[in-house]
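Colleague: Could you walk me through this one slowly? I'd like to know what the terms mean as we go.

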Amino acid sequence: LDYTDGVGWHDPRIVPYQPISLDPSAMIFHYGQSVFEGLKAYVTVDNDALLFRADQNFKRLNRSNERLCIPAIDEELALEGLKQLVTVDRDWIPNNPGTSLYIRPFIIATEPNLGVHPSKKYHFIIIMSPSGSYYKEGINPVKILVEEQFVRAVKGGTGEAKTGGNYASALKGQEIASREGYAQTLWLDGKENKYIEEVGSMNIFFKINGIVITPALNGSILPGITRDSMIQVLKFKGIPVEERQISIDEVVEAHQNGTLEEVFGTGTAAVISPVGELKYLDDKMSINKGEIGEISQMLYDTLTGLQYGSIDDTFGWTIRL
Ligand code: PMP
């Protein structure tokens, strides 16, 4: 799909995967005006193709568009287009346990212009690729490093939008974490360097003294669709869940007094990732003896059960094709 100022979005088409040609002065190369999404198509146990809450991805794409001064897309048309595309590529959805077809919708500014202003032209493209399971043997606790030098997002910035620049600013922290043998970075807030925000590609949850706590959406955290889904599942199961500010000190204290019971991340790629170790400054906190917690396991089973159609979708989240 293309956008031209004065014409709007036009020319929806499905074409074979191929390179695209852009002017060297296309604004995306210079000023980072881009947004994207990430979602998956699954093959269910009864052999249907299934999308999980794809409507929410296009809603979020439009919220990112608004922040990045990109014209809104028609969410319903985008969903219809995606359904057609997945239907055409149905055979590319792998059907081994834990596998899926990863879907990456994205919009880039294409106007050839070196002036700093919102572009007058855009491409909206959806690419897809079969993906294996994130962890070879189902779910596995990961090690996370709390980043204290760099920040990913600040109040009033673009943290809650899914835009390339957020990921560029996160690379340095990710590099440090990888070098130390950690899977991902846990980001703290950009003002006081104290409140927990999120992990590189997941939102984060802490179970302290029987209560599941996740940072409230504050404008600099990506509103994860898995995060929202898991909050709803926890409420449905009657498990106490709180969306509120939570500081790293509260987590350290809970670890010290033995009430930090579970930590896990949520995300489209990560599904539910239990955290087995959290490192903050020189403190390596082992969580739940490095094992998968009860809540993490329950959420993983529920989420994958819905996505692979082995449990009934009473939430109305699944779209069968
Ligand atoms: N935070 C960040 C920074 C992410 O990139 C992702 C992955 N999209 C998430 C959280 C989780 O979001 P979702 O559950 O919608 O995949």
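Modeller: Let me begin with a term: the expected span of a helix is 1.5 Å times one less than its number of residues. Helices (H or I, at least four residues) and strands (E, at least two) are DSSP runs, numbered from the N terminus. This is a predicted model, in which local features need pLDDT of at least 70 and side-chain atom pairs count only at pLDDT 80 or more, while totals for chains, interfaces and linings use all residues. Residues are numbered from 1 along each chain as its sequence is written.

Colleague: OK, how far apart are the end C-alpha atoms of helix α3?

Modeller: They are 20 Å apart, which agrees with the 20 Å that the 14 residues of α3 (residues 75–88) should span at 1.5 Å a residue.

Colleague: And which residues of α3 are buried?

Modeller: Ala78, Gly81, Leu82 and Val86 are buried in α3. Seen down the axis of α3, the buried residues fall within an arc of 135° (taken over the directions from the helix axis to the C-beta atoms), so they line one face of the helix. On the other side of α3, Glu76, Glu80, Thr87 and Val88 are exposed. A residue is buried if 20 or more other C-beta atoms lie within 10 Å of its own, exposed if 12 or fewer, and partly exposed in between, with C-beta atoms placed from the backbone.

Colleague: What do the buried residues of α3 pack against?

Modeller: They pack against β4 (39–43), β5 (49–52), α2 (54–67) and β7 (121–131), where contact means that two C-beta atoms, placed from the backbone, lie within 7 Å.

Colleague: Switching to β14, which strands pair with it?

Modeller: Two strands pair if DSSP finds at least two bridges between them. Strand β11 (residues 203–208) runs antiparallel to β14 and is joined to it by six bridges, and β14 also pairs with strand β15 (residues 271–280) in the antiparallel sense over four bridges. Within these pairings, Thr266 of β14 is the bridge partner of Asn203, and Thr266 also stands opposite Ile272 in β15.

Colleague: How many residues lie between β14 and β15 in their hairpin?

Modeller: Three residues lie between them. As for burial, seven of the eight residues of β14 (residues 260–267) are buried.

Colleague: One last thing, why does Asp11 count as exposed?

Modeller: Asp11 counts as exposed because it has 9 C-beta neighbours inside 10 Å. Asp11 sits in the loop between β2 (8–10) and α1 (28–31), and its phi is positive, near 60°, although Asp11 is not a glycine. Most residues other than glycine have a negative phi.
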